[in-house]
Structure formats: C-alpha cells, structure tokens
Amino acid sequence: MGAEQAGPFRRPTPQEVAAAAGRGLADVIGPGLRVLFCGFNPGLYSAAVGLPFARKGSRFWPALHGGGFTDRELRPWEHDELLRHGLGITSLSNRATARADELTSEELVAGVAGLAVRAERYRPRWVAILGVTAYRIAFVRPKAGLGPQPDRLGPARVWALPNPSGLNAHFPLPALTAEFAKLRRELDA
C-alpha cells in the first residue's frame, strides 16, 4: 500500500526500480518524423514503468513544449501524442541503467549503427542526440559542440542537444529550452 500515483500508472517501489536494470523501452517512432530524439539509454524508473522520460523531474517534456515542439506540455504517459507532432523517441542503448555513465563507450558507438538503421527505415528529417557528451562518444567527435553536426544517419541530419537529465547542472531549464527552440526554428527555416 501507500504507493503514490504518478499519472495513470502506479509509482514503482524502490525494488521494482532496481529490478528494471537492463530492461529496455519500446521506441516511439513512425515514418517521416520531423525529429527523432535520441537519448543515451532508458533510466531505471522509465524502464520500471515502461514510459520514456517518466521520472517526475524529467526536463524533456517541459523543454519540448517550451522549445515550441508541442502545443502543451505532454506527460510521459502521453508519449504517443509525439507522433501526431511528427516527433519520436529512441535511445543509443536500450539497456536501462541508474546513470548514463554506466554505459561503455563501445555500447554508445555500437548504438549508432542501430540508430542509422532506424533513421534509414523511418526517414526523420533530423535525429537529435540528447546529450553532447553522448554525441561526442558515439560519433567519435570529441570536440563537437551543440547544434547541427556534419554527420548524417540515412537521410537525416544530426543535431546535438543538451542532456535533459536533471543531473545536467550545466543547463538549467531555460537554457535547455532555448537549445530545443534552436532546433525547432531550424525546422521552419
């Protein structure tokens, strides 16, 4: 008892969260997306509830809305609404961990091949890597910065965004939102 409700799903117990280690999440993906957002990997909480960016403090949803991608701030359980906006979510690695730094460089580099297959199949205009550190490691571009990148994945151009994790103290929400808005403006250019 005492499990707190978080939207339409039951908040997982600490034991359920710990047991989610290694699990994956289904992609939110479809053909012809404007942007396919690509994170490092699912967090344990997200894997436990089966929803992307599910932790209450996730800054992905507010940055997505504040950056102009959605008409309102969506909740994790509304992730299928992203497709209506021409947006999707995937990960470089589909292995849930407590922290992204638990992934190896080899996993991130290998994840690019799978991401390229998805980009070729679904043909998004842009693939936005959520975390410049992930981009630098996975694409072997140690000096890369934020914004558009020289790489292509199938027909998709690649953009590096800050990691929306609350652990990314370098980017408070207003700065994160401003970076999302730059990509949104590029879509209209």
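This is a predicted model: local features need pLDDT of at least 70, side-chain atom pairs count only at pLDDT 80 or more; totals for chains, interfaces and linings use all residues.
1. Who does Phe 60 pair with? One partner is Phe 180: the two ring centres are 6.2 Å apart and the planes sit at 70°, so this pair counts as edge-to-face. Now find the two residues along the chain. Phe 60 belongs to helix H3 (residues 60-66) and Phe 180 to helix H7 (residues 173-188), so the pair ties together parts that lie 120 residues apart in sequence. Phe 180 is buried too, again with a relative accessible area of 0%.

2. Next, the ring pairs as a set. Searching the whole structure turns up 8 aromatic pairs. One of them joins Phe 53 and Phe 60: here the centres are 4.2 Å apart and the planes make an angle of 10°, so the pair is stacked. If you wonder what to look for on screen, a pair of aromatic rings is described by how far apart the centres are and by the angle of the planes.

3. Which residues do the ring pairs link into a cluster? The members are Phe 37, Phe 53, Phe 60, Trp 61, Phe 69 and Phe 180.

4. Now zoom out to the fold. The protein has 7 helices and 7 strands. Reading from the N terminus, the elements go β-β-α-β-α-α-α-β-α-β-α-β-β-α. As for contacts with a separation of 6 or more, 70% are between residues 24 or more positions apart.

5. What about overall size? A compact globule of 189 residues would have a radius of gyration near 16 Å, and the protein has 16 Å, so the two agree. Along the principal axes, the C-alpha atoms fill a box of roughly 50 × 40 × 35 Å.

6. Of the 189 residues, 49% count as buried. The protein exposes about 9200 Å², with carbon and sulfur atoms supplying 54% of that area. On the charge side, there are 24 positive and 17 negative charges, and their mean positions are 3 Å apart.

Methods:
Residues are numbered from 1 along each chain as its sequence is written. Side-chain values use heavy atoms; hydrogens and water are left out. Helices (H or I, at least four residues) and strands (E, at least two) are DSSP runs, numbered from the N terminus. The radius of gyration is taken over C-alpha atoms; the globule rule is 2.2 Å times the number of residues to the power 0.38. Buried means under 20% relative accessible area, exposed over 50%, partly exposed in between (1.4 Å probe, protein chains only). Contact means heavy atoms within 4.5 Å. Accessible areas come from the Shrake-Rupley method with a 1.4 Å probe; for residues, only the protein chains shown count as cover. Lys and Arg count as positive and Asp and Glu as negative; His and the chain ends are not counted. The place of a charge is taken as NZ of Lys, CZ of Arg, CG of Asp or CD of Glu. Rings of Phe, Tyr and Trp (its six-membered ring) pair if their centres lie within 6.5 Å; planes under 30 degrees apart count as stacked, over 60 as edge-to-face and the rest as tilted.
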